[in-house]
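This report covers the salt bridges of one protein model. The sequence and structure come first, followed by the pairs and their surroundings.

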Amino acid sequence: MNCPCCSGKTYENCCKPYHTGEKNAPDAETLMRSRFSAFAIPNGEYLMETTLPSKRKYHNRTDLQEWGESNEWTKLEIVNKPAVNKVEFEAFYTDENGDSQIHHELSTFKMIHNRWFYASGEFL
């Protein structure tokens, strides 16, 4: 199966090793792509594990899982990478009412002990 992150690679050769814990994302963009795939599959546990530990209290694995399940995630476009730890992207999806949506965000990531985590996002 093609990877949901729109890398052009197969899921097995792209985001799956991150989802299974076999590897950690080497940079912020790769983590962002793997998180998009985790919404598409969905994998709420991975989304929580890759959220900055100090920010996890603001998120809920069940809610993340349900948001992934209730929408059909169709495309990811990287718009800009203004810094090593920032990725601007557009995530295209169809919501539970069948309406096309675009989630446009500038995400900030933080590296701790050689591992990237999602820290915050600004909706654009």
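## Salt bridges

Four salt bridges are found in a search of the whole structure, a salt bridge being a side-chain nitrogen of Lys or Arg within 4 Å of a carboxyl oxygen of Asp or Glu. The model is predicted, so local features need pLDDT of at least 70 and side-chain atom pairs count only at pLDDT 80 or more, while totals for chains, interfaces and linings use all residues. Side-chain values use heavy atoms, without hydrogens and water, and residues are numbered from 1 along each chain as its sequence is written.

| Pair | Closest N and O atoms |
|---|---|
| Arg33 and Glu29 | 3.0 Å |
| Glu45 and Arg61 | 3.7 Å |

Arg33 and Glu29 both belong to helix H2 (residues 28–40) and sit four residues apart, about one turn of the helix; helices (H or I, at least four residues) are DSSP runs numbered from the N terminus. Arg33 is buried at a relative accessible area of 18%, and Glu29 is buried at 18% as well. Buried means under 20% relative accessible area, exposed over 50%, and partly exposed in between (1.4 Å probe, protein chains only). A network of salt bridges links Glu29, Arg33 and Lys81.

Glu45 forms a salt bridge with Arg61. This pair connects distant parts of the chain, with Glu45 in helix H3 (residues 44–49) and Arg61 in helix H4 (residues 61–70), 16 residues apart. Glu45 is partly exposed at 40%, and Arg61 is partly exposed at 34%.

In the remaining listed pair, Glu77 is partly exposed at 31% relative accessibility and Lys75 is partly exposed at 34%.

Technical notes: Helices (H or I, at least four residues) and strands (E, at least two) are DSSP runs, numbered from the N terminus.
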